[in-house]
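Me: I want to learn to read a strand in its sheet. Please take me through one case.

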Amino acid sequence: MKYIDEFQDPGLARRLLDDIRASVTRPWALMEVCGGQTHTIIRHGIDQLLPEAVELIHGPGCPVCVTPLEVIDKALAIAARPEVVFCSFGDMLRVPGTGKDLFRVRSEGGDVRVVYSPLDALRIARDNPDRQVVFFGIGFETTAPPNAMTVYQARRLGIRNFSLLVSHVRVPPAIEAIMQSPSCRVQGFLAAGHVCSVMGTAEYPELADRHRVPVVVTGFEPLDILEGVRRAVRQLERGEHTVENAYPRAVRPEGNPAALAMIEDVFEVTDRAWRGIGTIPDSGWRLSERYREYDAEHRFPVSGITTREPAACRSGEVLQGLLKPHQCEAFGTACTPRTPLGATMVSSEGACAAYYLYRRLGTAPAARTPQPAPQPPLEASPVV
Ligand code: SF4
């Protein structure tokens with residue numbers, strides 16, 4: 001299949017691996033930012049094929065995983081209101097809040113619906129003028145443009161019974177926070193190609209320069225990952241730290257101007273809490289003043305929320321690359337995709353789900369590697 005088979009070619013993969021092996025002279029730690037990249041790496045065993053000196057650290061780029069517990073709990077409270085039709089992509093329904101998830105709200109009588117586009121939710125609002133329709137707008141720079149477009153259309157069409165519960169996050173401030181953490185081991189980044197297809201690459205040179213880390217914009221197929229690793233290792237071995245685009249079939253330096261204009265019109269930058277990590281300055285978007293009437297948090301004030309994370313869940317450390325999923329005590333025992341304790345086990349982009357699906361390490365506890373000492377979350381650091 002075009003654009004699939006040619007990026008999974010075993011012969012080319014072997015050549016890239018040979019090239020990486022030939023260039024490595026010392027240990028390097030690279031972080032793949034996106035959960036989609038993590039799944040490709042674990043599914044195809046790329047981390048096991050790489051020379052031992054090259055370690056891949058899994059980053060926080062799973063939108064479902066980093067949506068803060070407080071926002072999940074607000075979603076649960078809003079979805080339980082009798083006048084509300086609560087619409088979401090399917091992967092959010094099983095994410096545990098404090099005590100329950102959206103599936104439970106639905107089983108208790110809440111009108112919770114899975115949609116495939118925010119525009120589906122807008123259509124439901126148009127067809128049900130006596131109901132309040134809320135769309136759960138989460139994610140990175142990739143989902144921000146369609147969510148912005150939906151709010152823009154709601155305003156243009158005069159559909160007032162629609163609102164967005166927003167929890168958008170931005171990648172560059174997260175990279176900044178990771179680099180400033182005292183426990184950071186990352187020496188180079190494989191940046192998320194789809195994010196850069198929207199945003200372009202202009203946000204990265206300053207980051208790469210200031211922290212002296214190579215940033216390679218990388219795609220999602222096995223050969224994309226290997227090419228990203230090859231370029232990052234080559235830079236590190238040469239003592240370079242520039243931004244390279246290894247995903248030119250999707251990413252232009254200027255990004256997608258139409259999508260950027262829509263984001264600029266509808267959203268404004270704000271501080272945002274990341275689940276398991278803490279608040280990162282300027283790391284999110286919220287609806288701008290002009291569109292504030294479409295903000296579900298303003299339309300349905302929810303107070304008295306007391307969040308409580310499961311004590312056994314170490315997803316904050318997983319999301320910061322401080323812990324591999326199978327090093328969590330609950331992995332594969334108390335926590336499985338059927339009985340998830342944390343969002344990283346629920347999401348199709350979550351690192352814990354990837355390890356469970358493709359490695360099944362939880363069924364062989366004796367094979368686990370020793371656990372490192374718990375690390376402080378980033379929020380404990382003065383820099384975030
Ligand atoms: S395995 Fe489960 S409990 Fe452990 S960090 Fe992952 S989601 Fe949390």
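This is a predicted model: local features need pLDDT of at least 70, side-chain atom pairs count only at pLDDT 80 or more; totals for chains, interfaces and linings use all residues.

Me: In which sense do S6 and strand S11 pair?

Reply: Two strands pair if DSSP finds at least two bridges between them. S6 and S11 (residues 278–287) are antiparallel, over two bridges.

Me: How many bridges join strand S5 to S6?

Reply: Seven, and S5 (residues 132–139) and S6 run parallel. Helix H8 (residues 144–157) carries the chain from S5 to S6 in a right-handed β-α-β crossover. Right-handed means that, with the strands pointing away from the viewer, the path from the first strand over the helix to the second runs clockwise. In S6, His-168 stands opposite Gly-139.

Me: Which residues of S6 lie on each side?

Reply: In a regular strand the side chains alternate between the two faces of the sheet. Here Phe-162, Leu-164, Val-166 and His-168 are on one side, and Ser-163, Leu-165, Ser-167 and Val-169 on the other. Both faces are covered, and these residues are all buried (20 or more other C-beta atoms within 10 Å of its own, C-beta atoms being placed from the backbone).

Me: What does the chain average in pLDDT?

Reply: pLDDT is the predictor's confidence in each residue, from 0 to 100. The chain averages 91.

Definitions and conventions: Residues are numbered from 1 along each chain as its sequence is written. A residue is buried if 20 or more other C-beta atoms lie within 10 Å of its own, exposed if 12 or fewer, and partly exposed in between; C-beta atoms are placed from the backbone. Helices (H or I, at least four residues) and strands (E, at least two) are DSSP runs, numbered from the N terminus.
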